[in-house]
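Here is a short briefing to read alongside the coordinates.

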Amino acid sequence: MSADGGDPFDSLPAAIAADVLGRVADGADIAACCLASRAFLAASYACSRVRLRAAALARRRSVALAGGGGGGPPGGSAIRAAAGNAASLLGPHLRSLELDASEGWGHPDDATWVEEGEFDEGGDLHLTAREAVVAWADTAAGNALREVDVADYWPQSCWRKAEALPVISHFCHSLLKLRLKNAWLSVDGLKIMPNLTHLTLEFIRLDDEDLNKLNECFPCLQILNLIGVGGLKDPKIHLHQLKTCHWEVSNVPQSLTIRAPNLVRLELKCVRPDMLILDTPSMFTLKLTVDKLGPNVQADGLVSLKNLRIESLDLKSLLQVFAENHDITTLELELPTSTNKYELFEAVKPEYLLQLFAGISEVKLAPRFSCEMTHCLMLCTSNQFRSCLRRLLFHLPPLKDVPHLAPLFNNCAPSCEVTILFHADSSDDIRQAATSVWTLRYPGIRWQWGTWN
């Protein structure tokens, strides 16, 4: 408080006070600010950003009830009421709305396809239901919103179809970014949203098995994230303006197709698609996590590919398709967590890897791959390749002796920068012995040392 007992924030311009509250965003914190300051209370009606969490609202109600107050709507329904009230009060000032019923209330990992009889038949936390979305979308805020983020309560949402997408497309015409999580979504009645550039669907069952509606109604997407989206059969992403895509396929569709002439970055995680089609001539960075490559792959248009990361045991097939005959400058390799000892050697011979590395400027070997590569190099019979390898990153496993990495170091170009990361459990004696041996044997290499956990 000021010296005369007034509000110390009275001199703060209303626009700045509203901006401060928008940066605070959290509904409970905004309420606390309004209780502490008349200036913030007045500015709260022009707040542009609100975040409401069901767990926090429930805690506040419990505290209010313990103190003898009414506490507001019962249980999780508080968040649905609060969302509608906030949208009605803020109206055209509201630009970003985030609703989260997942924290502390359940998650797909806790209730993935829960057994019959274990569903939650309530609707108080079902935030993607039609009436829950209409409560805030069919207000003056609906057409003003630029960003919407809704994380549903999985036990209530996973077993019944929700109409969040059609409702949002009907009311939120200015929306730029949309994220929906933990729901079963219908696309019936979905309208074209020409302004939407960012879409994230996470842990979603989507009634659009070929993604035809997604392509039709979101034609201007630049960033698309599909994380654990099920219900797909032959999904095809066909978006001309798409630049970045992160796709983690939750089931095993027959084929995966991406036709995106302006796509620059793709991160794809899948099991074994029978057919994989990548028509992405502008793609610069590709990150692949694949159990096994299917028999039909069409990836002839990767003329711009420079950065490649692969996590798989099916390395030979993947490297032949995506690394050989491409001008790759940076290659990163990792193995699945379930990899057993010497599986890497059975999958691909070390001589093939060394020859491949010799034609690449920068190679990064991730922890599991580095560990198995250490075993493979002991079985290496040839390492005489003319190399252009300029940078190498290698993660050493916990050691008892200095490992045999000579075939790898012999494969480095003159003045190559080699970064060796010792495991945190490696003793100081092993670290000193390794650094001494390698710096003496390979004086032409520029060494960097570090630690990893």
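A residue counts as buried when its relative accessible area is under 20%, as exposed when that area is over 50%, and as partly exposed in between. Cys412, with a relative accessible area of 12%, is therefore buried. Please keep in mind that this is a predicted model.

**Cysteines**
- Searching the whole structure turns up zero disulfides.
- Cys412 takes part in no disulfide, and the nearest cysteine sulfur, that of Cys416, sits 3.8 Å away.
- That distance rules the pair out, because a disulfide requires cysteine sulfur atoms within 2.5 Å.

**Salt bridges**
- The structure holds 16 salt bridges.
- One of them joins the side chains of Arg259 and Asp279, at 3.4 Å from N to O.
- Arg259 belongs to strand β9 (residues 255-259) and Asp279 to strand β11 (residues 275-279), so this pair ties together parts that are 20 residues apart in sequence.
- Both partners are partly exposed: Arg259 has a relative accessible area of 33%, and Asp279 has 35% relative accessibility.
- Another salt bridge pairs Arg368 with Glu334, whose closest N and O atoms are 3.7 Å apart.
- This pair links distant parts of the chain, with Arg368 in helix α14 and Glu334 in strand β15 (residues 330-334), 34 residues apart.
- Arg368 is partly exposed at a relative accessible area of 30%, whereas Glu334 is buried at 4% relative accessibility.
- Arg368 and Glu334 also belong to a network of salt bridges that links them with Arg309, Glu311 and Glu332.
- Glu417 and Arg446 form a salt bridge too, their closest N and O atoms being 3.5 Å apart.
- Here Glu417 lies in strand β18 (residues 417-423) and Arg446 in strand β19 (residues 446-452), 29 residues apart.
- Glu417 counts as buried at 17% relative accessibility, while Arg446 is partly exposed with a relative accessible area of 44%.

**Helices**
- Helix α14 (residues 367-377) is largely enclosed by the rest of the structure, because eight of its eleven residues are buried.
- Those buried residues of α14 are Phe369, Ser370, Glu372, Met373, Thr374, His375, Cys376 and Leu377.
- In helix α7 (residues 130-137), the buried residues are Ala132, Val133, Trp136 and Ala137.
- These α7 residues lie on the same side of the helix, because they cover an arc of only 120° around the axis.

**Surface patch**
- Tyr45 is found in the loop between α3 (38-43) and β1 (49-53), and its 46% relative accessibility makes Tyr45 partly exposed.

Methods. Residues are numbered from 1 along each chain as its sequence is written. This is a predicted model: local features need pLDDT of at least 70, side-chain atom pairs count only at pLDDT 80 or more; totals for chains, interfaces and linings use all residues. Side-chain values use heavy atoms; hydrogens and water are left out. Helices (H or I, at least four residues) and strands (E, at least two) are DSSP runs, numbered from the N terminus. Buried means under 20% relative accessible area, exposed over 50%, partly exposed in between (1.4 Å probe, protein chains only). The arc is that of the directions from the helix axis to the C-beta atoms. A salt bridge is a side-chain nitrogen of Lys or Arg within 4 Å of a carboxyl oxygen of Asp or Glu.
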